[in-house]
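Hi everyone, thanks for coming.

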Amino acid sequence: MKLTGAEIIWECLVREGVDVVFGYPGGAILPTYDALTKYPQIHHVLVRHEQGATHMADGYARASGKVGVAIATSGPGATNMVTGIATAMMDSSPIVCLTGQVGSRAIGTDAFQETDVTGVTLPITKHNYLVTKPGDIARAICEAFYIAASGRPGPVLIDITKDAQQMAAEFDWAAAAPRLPGYRPSYQAPATEFARAAELINVARRPLILAGQGILKSGATAEVLQLAATAGIPITTTLLGIGVIPASSEFNLGMMGMHGEAWVNQAIQQADLLIALGMRFDDRVTGNLKTYALNAKKIHVDIDPTEMNKNVPVDVALVGDLRGVLAQLLPQVRPAEHREWWATINAERGDAAVRDVQALPDSGHLYAAHVINDLWRATKAHDTVVVTDVGQHQMWEAQYYRHEQPRSLITSGGLGTMGFALPAAIGAKFACPDKEVWVVVGDGGFQMTSCELATIAQEKIKINVAIINNAFLGMVRQWQEFFYEKRYAATPLTGPDFVKLAEAYGLKGVRVTARAEVTGTVEDARAHGGTVVIDFRVEQEDTVFPMVPAGADLADMIRRPKRDVLAETGADREWQMPPAELAARPAAVKPARRKTARPPAALARL
Amino acid sequence: MAKHTRIAYVEDVPGVLNRVTSLVRRRNFNIDSLTVGRTEQPGVSRLTFVLEASEHAARLVEANLYKLVNVLRVDDLTHKPALTRELGLVKVKVTPETRAQVLQLVEVFRARVVDVDEATLVIEVTGTPEKIGKFDLVLRPYGVVELVRTGAVAMARGHEPLSSNPPLVRAEVAAEMPSETADLAMSV
């Protein structure tokens, strides 16, 4: 069948199971857009900025596990994609980006809207292609989808010249099967390594599982929980590992790292064995490498061999797909309980940083912690996906929203891309139209990509946006507070009236300034038929605690000052303590000081 | 820190050298020399790396090379009996008094004079990188005008195949890899 290159592109996408693409047209991709009219089975979402297209494809991929697709034209269209591609690369998200390129004869002449896109994206893609002939398009797309989704997933870019889109070629899908002799998506570790790993687990007295996003990619939640249950091993997660292990699991201690739980970081430093599963010892997780987990042997399971011994030297490296590795390892693991070890951790947990935010009085100030915790309570019974941006609100979300399901938190981890949340949430909504999608975003990050509200309006989709508005670039301000003697250089931030902004896009906007309004507003937003933007005016100079300063020892955390209104009460394990005992704690605030007295029955819900 | 020699077989496609050098640059690996050329197999190019690195760093380079889609295989020649050769061209000043001395050195180093004029000689020398370094050193007093070196190429001695599997962190190619591609990779 003879087709134009542009038609071949769509034929391939249909065969790859693509039903939605996120893109922005332009000169060099026009033939492809023209051919789009012949393919009504593919829905094209017109974005407002190409960065948004890549984040949408990324959000779609993270919410669904399928490959997301973004399309842009040459030159500025493609360079606008760079941030989104780098985001997907750092967080191993499978996306395929299609970009138009100037005609093949114009390449290298500095033609209008010409950029060396394969050169620009070379270090931030898993692989990329420059296609100059229509006959090469099908194989490039087929390989791109295969590479993006297999092994350690990642972004793949295909740059297609305008003449390759215009000219015709024979289209043969079967002949387009990947021919990648050098590509090794996975490895199989030798049996001797499994025996060594099992031996380390069986002799360990203070083992700890570090759970990362690889568990999600591999679909190995059940196996990890089985390992924890068999050998009595506590689990801690990375930021991207949140949701992979249910927050309510008795084995889940919470998040590790810079803003992780203090008892988790203590446990890491005290452990005699770390079992790292699908995580990569990022600097935000380890703190100072020279003092990181010195007492512990390390077993590292990851699909990517380059992660082995990259940051932390390990004793056993098991390269391979996590699920397969654990299935092979589990029969060799002996049952254990590690009661002493659990007692040590629980003791730390008891008097350390439990954030019993619900028990705190309504001081008249609105705190982000309250907003996020109330949001969790209002949405936890529903199938909810939360998409966060980057900064303080992201850490508060990780701390105060308890995720029970994989893929229920989507956030930019490795690259820390502000502006990620809103477009990624649009992608997530297209992936899961039946789920409730909440954006939790700062006022800074929101302003970076708020133009995508127009995309939401045009597509008539329902997303709820919670802007944690503190009129500061909060995380940077926090660093300035701690490390630059409160010299707030360029962090105070004005913004538009977000309510009016939402209304300008034809959406609903609401402002919340008091805690009493939070739950009602969230419920109203859920019930509203269209997208709602909520402007939560929170305390301006609130701080994310605890915190490990960059490069400091993991055990060396900055703790919340005791006088602070959001005092760590040292109360219970995650709001489950009986109310009587809660009241008996000296650090807990007495009910008499509440502005609105709460009956004991309400406390029992906690 | 020691010298490590790695041979990488790569698909001969546009941009592959760029991919390799970009990797070296962005991962901050320190490369002594890198040469590239065709091989006995059409469509396959061969890169020889010499790294000044710890064993650990050299392994990371290898693992990262494997991650490039166009890299077919990486061999480690560091601890194997191997031949390493480099070619150098040296343009050295000569006077009627020194010409004979220089020619004597050329003789000793089994080098060849490839160009002569009234004031200079161009000498071609092949051998290990150390030998070429030494040759440069002994010519310096006469005045080296220009020196160019190709970088090392290397080949294992004997007929034994190096490693049938990528020796990467003691792992083998997974079973789920399409078998014909696995064969292709191994046959290279």
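Let's start with a question: does B:Asn64 count as buried or exposed, and how many C-beta neighbours does B:Asn64 have inside 10 Å? B:Asn64 counts as buried, because it has 21 C-beta neighbours inside 10 Å. The rule here is that a residue is buried with 20 or more other C-beta atoms within 10 Å of its own, exposed with 12 or fewer, and partly exposed in between, with C-beta atoms placed from the backbone.

Quick housekeeping before we go on. This is a predicted model, so local features need pLDDT of at least 70 and side-chain atom pairs count only at pLDDT 80 or more, while totals for chains, interfaces and linings use all residues. Residues are numbered from 1 along each chain as its sequence is written, and chains are lettered from A and ligands numbered from 1 in the order in which they are written.

Back to our residue. B:Asn64 sits in helix α2 of chain B, residues 55-67; helices (H or I, at least four residues) and strands (E, at least two) are DSSP runs, numbered from the N terminus. Leaving out residues up to four places away in sequence, B:Asn64 touches A:Thr306, B:Leu23 and B:Arg27. Touching, or being in contact, means that the C-beta atoms, placed from the backbone, lie within 7 Å. B:Gly37, on the other hand, is 27 residues from B:Asn64 in sequence and 21 Å away in space, C-alpha to C-alpha.

Zooming out, chain B has five helices and ten strands, and 31% of its 188 residues are buried. Its mean pLDDT is 84, with 85% of its residues at 70 or more; pLDDT is the predictor's confidence in each residue, from 0 to 100. Over residues 166-188 of chain B, though, pLDDT stays under 50. Where pLDDT is low, the predicted coordinates should not be read in detail.

Now for chain A. Here we get 25 helices and 21 strands. The radius of gyration of chain A is 25 Å, close to the 25 Å that the globule rule gives for 606 residues, so chain A is as compact as a globular protein of that length. That radius is taken over C-alpha atoms, and the rule is 2.2 Å times the number of residues to the power 0.38. Buried residues make up 55% of chain A. The average pLDDT of chain A is 91, but residues 567-606 fall below 50.

Chain A is divided into domain 1 (2-176), domain 2 (191-351), domain 3 (357-544) and domain 4 (576-606), with bounds from an automatic or database domain assignment. The C-alpha centres of domains 1 and 2 of chain A lie 37 Å apart, and five residues of domain 1 are in contact with five of domain 2.

Last stop: helix α7 of chain A, residues 137-149. Ten of the 13 residues of α7(A) are buried, so this helix is largely enclosed by the rest of the structure. Among them are A:Ile137, A:Phe145 and A:Ala149. What do the buried residues of α7(A) pack against? They pack against α1 (5-15), β5 (95-101), β6 (127-131), β7 (156-161) and α8 (162-166) of chain A. Just after α7(A), A:Gly151 takes a positive phi of about 60°.

And one score pair to finish: the model has ipTM 0.83 and pTM 0.90.

Terms used:
Two residues are in contact if their C-beta atoms, placed from the backbone, lie within 7 Å.
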